[in-house]
Amino acid sequence: MSKSIFYHAGCSVCITAEHDIINLIGSENVEVVNIGEHKSRISEAERAGVKSVPALVIPNGNALHINFGASIEDVKG
């Protein structure tokens with residue numbers, strides 16, 4: 001993985017964190033994935049170690065959980 005992946009669920013906490021991440025590392029360095037809209041990517045996020053959103057998976061594979069918007073179980077619905 002060459003870019004970080006920022007997973008979120010579209011809530012206000014997630015959107016604020018998305019803007020902060022983009023401002024911090026640049027839009028060219030991060031793929032933003034709204035798993036509330038793209039539920040097919042939830043399993044991908046889980047495999048990457050994401051337990052709650054918003055979360056940033058960095059190129060070395062570490063999942064960094066930011067604030068707390070929702071658990072993956074909540075997003076699965």
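Mentor: Start with the largest nonpolar core, which has 14 residues, and whose most contacted members inside it are Tyr7, Ile35, Val50, Val53, Ile72 and Val75. E1, helix H2 (42-47), E3 and helix H3 (72-76) each supply at least two residues of this core, and E3 gives the largest share, 3 residues. It's a predicted model, where local features need pLDDT of at least 70 and side-chain atom pairs count only at pLDDT 80 or more, while totals for chains, interfaces and linings use all residues. Numbering runs from 1 along each chain as its sequence is written, and side-chain values use heavy atoms, with hydrogens and water left out.

Trainee: Why is this called a nonpolar core?

Mentor: Because the term means a set of buried Ala, Val, Leu, Ile, Met, Phe, Trp, Tyr and Cys residues joined through side-chain atoms within 4.5 Å. A second, separate core of 5 residues includes Phe6, Ala17, Val30 and Leu56.

Trainee: What makes E3 mostly covered?

Mentor: Buried means under 20% relative accessible area (exposed is over 50%, partly exposed in between; 1.4 Å probe, protein chains only). In strand E3 (residues 52-57), 6 of 6 residues are buried. Strands are DSSP runs of E with at least two residues, helices are runs of H or I with at least four, and both are numbered from the N terminus.

Trainee: How do you know that E3 pairs with E1 and with E4?

Mentor: Two strands pair if DSSP finds at least two bridges between them. Strand E1 (residues 4-8) and E3 have 3, antiparallel, with Leu56 as the bridge partner of Phe6. E3 and strand E4 (residues 63-71) have 5, also antiparallel, and Ser52 is bridged to Ser71. So both pairs meet the rule of at least two bridges.

Trainee: What makes E2 and E4 edge strands?

Mentor: The open sheet has 4 strands in the order E2-E1-E3-E4, with mixed pairing. Strand E2 (30-34) and E4 each have a single partner strand, so one side of each is left without a neighbour in the sheet.

Trainee: Which residues does Ile35 touch, beyond its neighbours within four places in sequence?

Mentor: Contact means heavy atoms within 4.5 Å. Ile35 is in contact with Tyr7, His8, Arg41, Ile42, Val53, Ile72 and Val75, those sequence neighbours left aside.
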